[in-house]
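Please open the structure in your viewer and keep the selection tool at hand.

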Amino acid sequence: MKKILPLFSYILHPIFISMYATLLYLYCKDDIFTTQEKYFVLFQILVITIIVPILFFMLLRSTGHVKSMMLPENSQRRIPLILQCFLYILLVKRSIVITRYPELHFFFLGALFSTILALVCSLFKIKASLHMTAITGFTIFAIGLNIHLQMHNPYWGALLILLSGIVASSRLEMDAHTPKEISIGLSIGVLPQLLFLYLWL
């Protein structure tokens with residue numbers, strides 16, 4: 001089990017959560033969008049939330065500003081978090097617009113606010129679990145989507161709650177975070193999504 005748990009820290013790394021949330025959204029609203037539009041949306045998410053951050057990380061690592069994708073130290077988190085804020089702003093302003101993708105738009109707005117809160121915490125030398133921020137924000141979004149679309153499918157929410165617990169265990173097992181840092185990350189992930197949930201439910 002100790003060997004398996006760390007895998008979840010990589011599979012459910014914050015950099016992939018936006019893609020998972022988008023895939024769930026397009027799956028749940030399958031009949032609304034054409035196949036071509038779905039691929040276009042996924043391509044934008046892939047480039048903006050995965051490829052650009054990875055390239056930026058490689059640049060930062062080559063200059064010695066970061067050492068690991070897990071960003072273990074607060075000082076290493078600030079530049080990537082600032083970049084993440086700008087990328088989320090780009091998404092909600094230009095790509096995932098409220099008129100076409102309202103639920104996903106509010107998910108990314110919530111993710112933006114969570115990122116800002118994580119950045120503020122790092123400025124005050126408070127370390128929050130970004131893994132927990134990402135997975136719990138995704139969990140609230142999935143539960144809200146289930147309610148909003150009246151799917152009566154509790155399995156997505158239950159699975160993500162379980163995965164949130166596994167991710168928390170994984171981060172603790174890897175000595176990446178303390179229970180307090182896990183709790184802070186959870187709060188930062190949940191609260192903005194709950195706030196925006198009232199706007200689109």
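Select Val 92 first, a residue of helix 4; helices (H or I, at least four residues) and strands (E, at least two) are DSSP runs, numbered from the N terminus. Val 92 counts as buried, because its relative accessibility is 11%; buried means under 20% relative accessible area, exposed over 50%, and partly exposed in between, with a 1.4 Å probe and protein chains only. Display next the residues in contact with Val 92, where contact means heavy atoms within 4.5 Å. Neighbours within four places in sequence left aside, these are Val 97, His 105, Phe 108 and Leu 109. Then mark the C-alpha atoms of Val 92 and Phe 106: 8.3 Å separates them, and the two residues are 14 apart along the chain.

Before going on, note that this is a predicted model, in which local features need pLDDT of at least 70 and side-chain atom pairs count only at pLDDT 80 or more, while totals for chains, interfaces and linings use all residues. Residues are numbered from 1 along each chain as its sequence is written, and side-chain values use heavy atoms, with hydrogens and water left out.

**The whole chain**

Now show the protein chain as a cartoon. How many helices and strands does the protein chain have? There are 8 helices and 0 strands, and the pattern along the sequence reads α-α-α-α-α-α-α-α. The radius of gyration of the protein chain is 16 Å, close to the 17 Å of the globule rule for 201 residues, so the chain is as compact as a globular protein of that length. This radius is taken over C-alpha atoms, and the globule rule is 2.2 Å times the number of residues to the power 0.38. Along its principal axes, the C-alpha trace spans about 45 × 35 × 30 Å. Of the 201 residues in the chain, 52% are buried. Among contacts between residues at least 6 apart in sequence, 75% join residues at least 24 apart.

**The nonpolar core**

Select Tyr 25, Ile 96, Leu 104, Phe 108, Ile 135, Phe 138 and Phe 141. These residues have the most contacts inside the largest nonpolar core, which has 46 residues. A nonpolar core is a set of buried Ala, Val, Leu, Ile, Met, Phe, Trp, Tyr and Cys residues joined through side-chain atoms within 4.5 Å. At least two residues of this core come from each of helix 2, helix 3, helix 4, helix 5, helix 6, helix 7 (155-173) and helix 8. Helix 6 contributes the most, with 8 residues. In soluble globular proteins, nonpolar side chains tend to be buried together.

Centre the view on Leu 104. Beyond its neighbours within four places in sequence, Leu 104 is in contact with Ala 21, Thr 22, Tyr 25, Ile 96 and Phe 141.

Move to Ser 18, in helix 2. Is Ser 18 buried or exposed? Ser 18 is buried, as its relative accessible area is 3%. Residues up to four places away in sequence not counted, Ser 18 touches Ile 45, Thr 49, Tyr 88, Phe 107 and Phe 108.

Continue to Gly 110, which is found in helix 5 and is buried at 0% relative accessibility. Not counting residues up to four places away in sequence, Gly 110 touches Pro 192, Gln 193 and Phe 196.

**The cavity**

Select Pro 14, Ile 15, Leu 81, Gln 84 and Leu 130. Of the 35 residues that line the largest cavity, these lie nearest its centre. On a 1 Å grid over the protein atoms alone, a cavity is a set of points where a 1.4 Å probe fits but cannot get out, and lining residues have an atom within 4 Å of a point. The volume of the largest cavity is about 560 Å³; grid points are joined across faces, edges and corners, and a volume is the space filled by probe spheres set on the points.

**Two loop residues**

Finally, select Gln 150, in the loop between helix 6 and helix 7, and Asp 175, in the loop between helix 7 and helix 8. Gln 150 is not a glycine, yet has a positive phi of about 50 degrees; Asp 175, also not a glycine, has a positive phi of about 60 degrees. Most residues other than glycine have a negative phi. Gln 150 is exposed, with a relative accessible area of 60%, and Asp 175 is exposed at 69%.

Terms used: On a 1 Å grid over the protein atoms alone, a cavity is a set of points where a 1.4 Å probe fits but cannot get out, and a pocket is an open set with protein on both sides within 12 Å along at least five of seven lines; lining residues have an atom within 4 Å of a point.
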